[in-house]
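Here is a short briefing on a protein model and its pockets. Look at the structure first, then read the points below.

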Amino acid sequence: MSQTVRRAIDILEYVARSPRTQTEVGDHLGVHRSTALRILESLTEGGLARRLPDGRYAVGYRLAGLAHLAREQFGLRDVAAEPLRALGTACGHTVHLAALENERIVYADKIDPPDGVRLYAEIGRPVPLHTAGAAKAILAHLPTEQAELLLSDCDFAPRTDTTITDPARYRAALATVRARGWAVDDGEYESYVNCVAVPVRDCGGGVVAAVSVTALKARAGLDVLVRDVLPDLLTTAETISKELGWRP
């Protein structure tokens, strides 16, 4: 990527957060204000940026229009498809994509391992809130009021010996997930299966989905998933998040 194009992208991301002066843009890029002005003028001429009456620069209407036209290209499942396949090939286990839809969390996609082993989750079905790692990864990062709304219908029914059935203990587990950035299912829905899950963010930084890797315990215990799979899982979730417009 050329230096000018890189700087133009950096400027657009910078002014998208808040309108900026020419001097602020120059300082942000670490260049002379005349260099910043030259790029700003090119972006403004192309409609990707605009100069406000007070002299500051903001995102242009053309850029907003292009984003509106292309919105159908940025469906979560479409954006996530290739990274999910790559992760499934690399780890050899089942990969799930769970998505937040209004007042529920559902399985949006699933990549089965090449050996043909198929697990219970079905695309379009609700995710078990108190057992699934993907659900925990999403709930832990939602505003408290929204998370509580989703959990209001959760019965915390026991499924296995490791199912968290105490709501207070479950909320403490969510706090742990929020602090470390990833969640687990330690055989909480089916005793012979475990998983690790990571949240996915949208352009505003909010968590809208989660990616999880699920394995038969006989093939990979939870410690193995955390040690060997979690790094690639984190990278995959970050890739999908960036495709949705998120920036750290």
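**Pockets and an annotated domain**

Strand E4 (residues 104–111) gives the largest share of the lining of the second largest pocket, with three residues. This is a predicted model. The briefing starts with that pocket, then turns to the largest one and to a domain record.

**Second largest pocket**

- Its volume is about 280 Å³.
- The second largest pocket has 14 lining residues.
- Nearest its centre lie Arg125, Pro126, Val127, Pro128 and Tyr189.
- Sorted by class, the lining of the second largest pocket holds ten nonpolar and four charged residues, with no polar ones.

**Largest pocket**

- Three helices each supply at least two lining residues: H1 (3–17), H4 (61–69) and H9 (222–243).
- Of the elements that line the largest pocket, H1 gives the most, with five residues.
- The lining of the largest pocket counts twelve nonpolar, five charged and three polar residues.

**Annotated domain**

- An unreviewed UniProt entry lists residues 2–61 as "domain: HTH iclR-type".
- Across residues 2–61, the chain is 62% helix and 10% strand.
- The end C-alpha atoms of this stretch are 25 Å apart.

Notes: Residues are numbered from 1 along each chain as its sequence is written. This is a predicted model: local features need pLDDT of at least 70, side-chain atom pairs count only at pLDDT 80 or more; totals for chains, interfaces and linings use all residues. Side-chain values use heavy atoms; hydrogens and water are left out. UniProt positions are given in the numbering used here, feature names are shortened, and annotations may be inferred rather than shown by experiment. Helices (H or I, at least four residues) and strands (E, at least two) are DSSP runs, numbered from the N terminus. Ala, Val, Leu, Ile, Met, Phe, Trp, Tyr, Cys and Pro count as nonpolar, Asp, Glu, Lys and Arg as charged, and the others, Gly among them, as polar. On a 1 Å grid over the protein atoms alone, a cavity is a set of points where a 1.4 Å probe fits but cannot get out, and a pocket is an open set with protein on both sides within 12 Å along at least five of seven lines; lining residues have an atom within 4 Å of a point. Grid points are joined across faces, edges and corners, and a volume is the space filled by probe spheres set on the points.
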